[in-house]
Structure formats: C-alpha cells, structure tokens
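Please look through the structure below, chain by chain, before reading on. The paragraphs that follow take up its domains, its nonpolar cores and the confidence of the prediction.

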Amino acid sequence: MQHFARNLMASAALALMVGCAATGENTGADQTGVQQDATAQPGITAQPGQDAYSYAYGQAPSGYDTYDASGGSAGGRPGQAVAGAGGAVSADRIVYFDFDSAEIRPESQTIIESNARSLAGNRRIITQLEGHTDERGSREYNIALGERRANAVRQIMIALGVSPQQVRVVSYGEERPAAGGQSEQSYALNRRVEIVY
Amino acid sequence: MLLFGVGSFARAELTIDVTKGIEGGGIPIAIAPFGGGAPEDIAGTIAADLQRTGKFAPQSSGSPADYSVTGQAQPGGSRGYVVQFQLNGAQGSQLLNLSFDVPANQLRPVAHRISDLIYEKITGERGLAGTRIAYVAGGGGSWYLVVADADGQNPRMILRSGQPIMSPAWSPDGARLAYVSFEGRRPQIVVQDVYNGGRRVVSAAPGINGAPSWSPDGRRLAFTLSKDGNPEIYALDLAAQNPVRLTSSGSIDTEPVWLPDGSIVFTSDRGGSPQLYRIGSGGGAAQRLTFEGDYNARPSVSPDGRYIAMVHRRGGRFHIAALDLQTRQFRVLTAGGLDESPSFAPNGKMIIYSNGQRLTAVSVDGSIKQDFALRGNGRDPVWAPYGR
C-alpha cells in the first residue's frame with residue numbers, strides 16, 4: 001500500500017499514474033484500505049480519518065452511518081456557518097460569491113489583500129484555495145464553478161505579488177457545504193473560497 | 001402508497017415506494033404464496049418487484065386477474081433448494097413453467113429472476129428486478145460508495161472515505177466502477193473492481209479530475225481535467241498512458257458521456273449558459289443539442305442512444321428532462337426542485353436520479369415514478385448495466 005502514497009506524490013506532474021490495488025480479501029476489515037495521504041504538502045495538514053478503504057462486494061459491510069444534510073446535524077445547521085473542509089477557517093480567510101458568479105465582490109478585496117500580504121511576505125507558505133458552491137444544479141458542473149471562483153481569487157493574489165507556486169487550487173463544488181439546509185442564507189454561506197494555510 | 005420489502009434492518013437500507021403508476025392501476029396478476037418452507041418470502045418479493053414496475057397490480061391468490069403465478073420452494077436438488085413456478089394466463093393457458101436449483105442465499109436473487117421472467121413474458125421488455133444500483137451516501141466527514149439491489153435491498157458499502165466521493169460510473173460489463181475520490185484532499189479518478197475491491201488511480205492531474213464515463217466497449221474513459229487552465233474533456237485508453245484532449249475552449253467543458261456510436265455529449269458554458277453539446281470520438285467541432293432554458297447539464301444517454309436525460313433548470317427549479325434525439329422532442333419529467341444526476345436503467349425505460357438527499361426513478365415518458373425510501377441519504381445514483 002505504500003506504493004500508493006508514493007506514486008501519488010510522484011505523479012503530481014504527471015497526468016496519469018497507476019496505483020496498486022487494495023483488495024478486500026477475506027476480512028473486510030480496515031487493513032483492506034488504501035493508505036494515507038497524497039498531500040504531504042507544506043501548509044496542508046494531513047488529517048486523521050481521511051483514508052479511503054475499499055471492500056470486495058462479497059465482503060462489503062451492509063451497514064454504514066447515515067447522514068442527513070438537511071436535518072441540521074453533523075454537516076452544519078441551517079443558515080449557520082460551521083468549520084470548513086479541513087477544520088475551522090476563520091472569517092478573514094473566506095471570500096463569498098453571488099449566485100452563479102465568480103466575480104469578486106468589492107468587500108472581499110480587503111480579505112484577499114491581507115492574505116496576499118502574508119503570503120508575499122513569506123514565500124515558504126503554500127496556500128490552498130478551496131472553491132465551493134451551493135447545492136443547486138449539477139454536481140460536476142459545480143466542481144467547475146468552484147474552481148472558477150478559486151482561480152478568481154488566485155489571479156488577484158498573483159497580481160498582488162504572491163508567487164504562483166505558492167497558490168494551489170482545489171474545488172469541492174457542493175460536496176462540502178459550510179451550512180446545512182436549503183435557505184438562501186445557507187446557500188450564500190456555501191458559495192465561497194476558503195484560503196487555507 | 002405501498003411500502004415494500006423491508007426484509008432486514010441494516011442501517012441505511014433502501015426501500016422503494018411506488019408513488020405513481022400507469023392509468024388504471026396496472027395489469028392484475030394473482031400471486032399465490034410459495035409452499036415448501038423456504039426461509040424467504042418469494043411470492044412477496046415477486047409481488048413487490050412487479051408492483052414497483054408500475055405496470056402490474058399484484059393481487060392475492062384467488063382474486064380474478066389476467067395472470068396468475070403459483071410456485072414452490074422446497075429443500076432438495078443438488079444445491080439446497082428447488083424453486084419452481086408457473087405463470088398462467090386468464091384462460092388457464094400455461095405461459096411459463098420453470099425450475100431452479102439454488103443455495104439458500106440465492107433465494108432472493110431467484111425471486112428477482114422470476115419477476116423478470118414474468119415481466120418479460122407479459123410486456124416484451126427486459127426487466128430490472130435482477131439489476132443493481134450504485135450511489136454515494138454520507139457526507140460531512142464520512143462518505144460511502146454503496147452498491148444495492150434494484151429494489152434497494154442488500155446495500156453493500158464498497159468504499160468508505162473521510163473525503164468526498166463523487167460521480168460513480170459503471171463499466172459496460174458491470175464489474176468495475178470509476179469514480180472521483182478526494183482522498184488526500186485532491187480529486188483523483190479511481191477505477192475499482194467491484195468484486196475484489198482492487199483499485200487503480202487512472203488520473204491524478206493537477207486541478208479537476210472529474211466526471212468519468214466509460215466508452216461503450218469499456219476500453220476508454222472520458223473525463224474532465226483542468227490541468228491546462230480550464231476544464232476540458234479528455235479520453236484515456238485504459239491500456240495506454242496519456243489522455244487525449246478532445247475539446248478546446250476557454251469555458252467550462254465537463255460531464256462527458258458516450259453515445260453508442262462513439263460520439264460524446266458533454267456540458268459546456270461556451271455559449272454563456274451551460275448547455276449540452278456533441279463532438280465526435282476524436283473531438284472536432286461541437287454541435288449544440290439543447291436550446292430549452294438557460295441550464296441543461298449532466299447528460300445521461302439511454303442504452304440505445306435515442307434519449308439524453310439531463311438536469312434542466314426553469315424558473316429557478318432543477319428538473320430531470322429528456323431529449324429524444326430522433327424526434328427532437330424535449331420533455332420535462334419531474335416536478336423539480338433540486339433534481340440532479342440522472343442515470344438510465346439498462347432497459348432504457350427508467351431514469352434514476354437524486355435530489356441530493358433521496359433517490360427516485362421516473363419512466364422516460366414520465367408516467368411511472370418510484371421513490372427509494374432511504375434511511376440516510378443517497379445521491380449520484382447510477383443504474384448498473386445488465387450482465388456480470
């Protein structure tokens with residue numbers, strides 16, 4: 001399984017890689033999994049619990065935890081922001097967007113500038129810009145919209161003197177809402193770019 | 001509304017609920033309990049399967065009906081149980097009379113097989129009772145890729161991850177699933193063998209790795225990469241190393257799916273709003289396919305290539321719609337809201353979709369609707385092909 005992680009890291013510049021298989025053999029237990037972690041990147045902490053485990057169909061568990069994003073439990077309460085994708089992201093590192101838009105609002109300029117100053121002042125910091133959308137519409141199209149938002153922030157940062165090598169972009173689309181529920185208020189909180197470093 | 005088939009109580013199990021059937025309630029068919037003492041309610045499973053098609057109205061035995069089913073399941077034969085059944089027409093004419101030797105754990109699959117045989121005999125269409133679906137469940141910290149029978153029973157979690165899982169796609173032989181996994185906090189396209197659990201990362205380029213789709217021969221995957229700056233469609237020969245780029249625009253190109261002739265339909269906002277376009281197997285000039293409304297995305301192609309189902313927005317609501325490529329008729333199939341992720345059943349008659357929380361199936365003509373009642377959520381459903 002170690003090949004998997006190494007290959008992933010080595011493949012950053014490649015378009016393609018072949019990882020090794022993780023098989024569910026006989027036990028269906030956790031050692032069947034694919035191990036840690038593609039991102040031994042500076043500035044991004046590997047979090048516990050982010051491994052993926054695969055199971056052979058014949059041994060795959062039939063029970064799993066349920067989760068209801070509309071119910072307002074684990075994934076965030078309606079209309080109220082909670083921790084971001086990789087843990088708490090403070091408000092001065094979140095840029096919000098209008099519906100169907102990747103345009104930077106005037107009031108977001110300050111947030112981007114202050115983060116750009118920190119990054120330009122320390123070239124060893126790598127930031128990940130995580131683009132998000134609200135839940136409406138097609139999931140993969142929303143991945144593309146989230147990337148467009150993150151790239152809009154990235155461009156401004158680079159114009160402000162941040163090195164392109166310091167800024168990575170990843171889009172989660174609608175997969176990691178900050179707020180649960182189907183209100184306009186929740187949607188507004190979910191259309192965002194989180195500046196993670 | 002009838003609720004069927006809660007056989008066991010695994011958490012997050014699906015059951016199905018027929019909310020809409022054809023006019024007049026369907027073809028009456030009397031199904032007698034199977035004698036013989038097998039530990040499985042075979043007649044109940046057949047009744048539920050036929051009810052779920054929306055085309056039949058199962059009755060208890062003895063009621064007047066157009067068709068009747070009788071059978072037995074008893075210990076014996078070379079494998080543990082012998083299941084036999086007869087399908088008779090109203091005048092007593094025998095239409096089917098078959099027998100199966102099965103082990104105890106195949107009694108439910110055999111019930112589904114019998115349902116499909118009855119369905120096919122009477123309607124002339126292939127049945128879906130013996131097929132399966134895959135979908136994504138969880139969220140907020142734990143994500144699951146689940147394979148379940150087409151009646152929602154027997155859910156199996158074939159992948160769990162602490163990061164999002166998206167966009168599962170069955171290989172044409174039904175043995176593999178391609179999907180997007182964010183493990184390591186970046187998207188990758190993974191192909192997983194459903195039966196042995198083995199996985200292979202087929203794309204981990206910088207940027208988006210999204211929306212995998214199998215070519216009809218199962219040898220190639222089309223998907224979305226943004227490594228060159230914006231999302232473009234690529235095709236990868238799985239025996240080769242490098243994906244070939246098929247689109248070139250400054251806009252979003254994503255969600256490719258193959259037609260049986262090898263051409264590719266995808267979503268693009270090159271015209272200002274997301275619409276569906278078609279290109280040849282090697283790329284080239286794109287032909288716009290959709291003109292209704294300002295948002296048509298996430299195409300799914302029927303197995304015969306005639307229909308394209310999609311996510312369609314009108315009046316701020318998202319619906320599932322279908323375009324008939326032969327007649328150019330465009331039909332909105334669902335009442336709408338947050339409907340997304342349509343996927344055709346292998347007989348081309350039903351489309352399964354999600355509203356982000358629950359799964360529903362609708363017939364291509366909009367006349368039949370089935371809700372999958374989940375304990376927990378389900379999204380990104382994909383109906384598996386026939387065969388295995």
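Two residues are in contact if their C-beta atoms, placed from the backbone, lie within 7 Å. This is a predicted model, in which local features need pLDDT of at least 70 and side-chain atom pairs count only at pLDDT 80 or more, while totals for chains, interfaces and linings use all residues. Residues are numbered from 1 along each chain as its sequence is written, and chains are lettered from A and ligands numbered from 1 in the order in which they are written.

Chain B is divided into domain 1 (26–123) and domain 2 (132–383), with bounds that come from an automatic or database domain assignment. The C-alpha centres of these two domains of chain B lie 35 Å apart, and 4 residues of domain 1 are in contact with 4 residues of domain 2.

A nonpolar core is a set of buried Ala, Val, Leu, Ile, Met, Phe, Trp, Tyr and Cys residues joined through C-beta atoms within 7 Å; a residue is buried if 20 or more other C-beta atoms lie within 10 Å of its own, exposed if 12 or fewer, and partly exposed in between, with C-beta atoms placed from the backbone. The largest such core holds 93 residues, of which B:Ala134 and B:Ile351 touch the most other members. Strand E9 of chain B (residues 142–149) gives this core its largest share, 6 residues; strands (E, at least two residues) and helices (H or I, at least four) are DSSP runs, numbered from the N terminus. Leaving aside neighbours within four places in sequence, the contacts of B:Ile351 include B:Ala309, B:Phe344 and B:Val364.

Strand E23 of chain B (residues 296–301) contains B:Pro299. This proline counts as buried because 26 other C-beta atoms lie within 10 Å. Although B:Pro299 and B:Val257 are 42 residues apart along the chain, their C-alpha atoms are separated by 6.9 Å. Not counting residues up to four places away in sequence, B:Pro299 also touches, among others, B:Leu276, B:Ile308 and B:Met310.

In chain A, the secondary structure comes to 4 helices and 5 strands, which run α-β-β-α-β-α-β-α-β from the N terminus on. Of its 197 residues, 46% count as buried. Chain A averages a pLDDT of 74, with 63% of the residues scoring at least 70; pLDDT is the predictor's confidence in each residue, from 0 to 100. Over residues 1–50 of chain A the pLDDT is below 50, and this stretch has 117 contacts in the model beyond near neighbours in sequence.
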